[in-house]
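This report concerns aromatic rings and the groups around them in a protein structure. Please consult the sequence and coordinates shown below while reading.

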Amino acid sequence: MSIYSNDWSVGYAVDIVFVIDTTGSMRPVIDNVKHHALNLNEDLAMVMAQKDKTISSLRVRVVAYRDYLHNAADALRESPFFSLPAQKGEFDHFVSSLYPDGGGDEPESGLEGLAAAMLSPWERGSDKRRHLVVLFTDASAHPIERAAGAGLLPPGFPSNFNELYDTWEGGQTGGMEHSAKRLLMYAPDCEPWRGISDLWSNTLHFPSRAGDGLEDFTFAEILNQIASSV
């Protein structure tokens, strides 16, 4: 039997948005994602099969961010959703184009990256679906109010932390569907990540060492946590 299921009654429709800090110190995790991008669908399906779960469809999207307050023109780059395995070449090409650079001061625009992820065009057609946001950063984040106050954010973005929280928690009327969503954060044990972990629903925080580029996590561990969250 295939590790992918064509029976939508038993398989999960899984959407994953990788939110990746692409500032200078993040080379290890960027290289790791690049290395695994081409086989992500097979690797994830095998890990899920070990947990007696199957995938009916898998889509992945990337939100790469740096720092709006340092260089707004270079602060956010987003891919469309790629359906895997059919579009794994396009996904691999986009991931391969990412490179670590810049960032300015230590806080980066991680909250803006989360906002872009939450506003994704999520799958709504399957009864069994999961919407996963997986954040990778080794830095804290600027208050989203700073970029909003400077008029730097794209139209429709939350303009303050309360609106960002409402976008996550709002369910059918405010963004992501409550029963489907999961947030996995590979981030330092500092604000705002600590507060998000404490207050937001369906959220797991895996603390990393600040400034180390997430060298303390392997991609196998990350895939296992993704599969456990489905």
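P207 is located in strand 7 of this predicted model. With a relative accessible area of 47%, P207 falls between the limits of 20% and 50% and is therefore partly exposed.

**Aromatic pairs**

Nine aromatic pairs are present in the structure. One of them joins F82 and F91: the ring centres are 6.0 Å apart and the planes meet at 50°, so this pair is tilted. F82 and F91 are each buried.

Another pair is formed by Y186 and F206, which are stacked, with 4.8 Å from centre to centre and 15° between the planes. Y186 and F206 are both buried. Y186 and F206 also belong to a cluster, linked by ring pairs, that includes F18 and F136.

**Charges over rings**

The charged ends of K128 and K181 sit over aromatic rings, as tabulated here.

| Charged residue | Ring | Distance to ring centre |
|---|---|---|
| K128 | Y12 | 4.5 Å |
| K181 | W168 | 5.3 Å |

Technical notes: Residues numbered from 1 in each chain as written. Predicted model: local features only at pLDDT ≥ 70, side-chain atom pairs only at ≥ 80, totals over all residues. Heavy atoms only, no water. Phe/Tyr/Trp six-rings, centres within 6.5 Å; stacked < 30°, edge-to-face > 60°. Buried < 20%, exposed > 50% of the residue type's maximum accessible area, 1.4 Å probe, protein only. Lys NZ or Arg CZ within 6 Å of the ring centre and 35° of its normal. Helix = DSSP H or I, 4+ residues; strand = E, 2+ residues; numbered from the N terminus.
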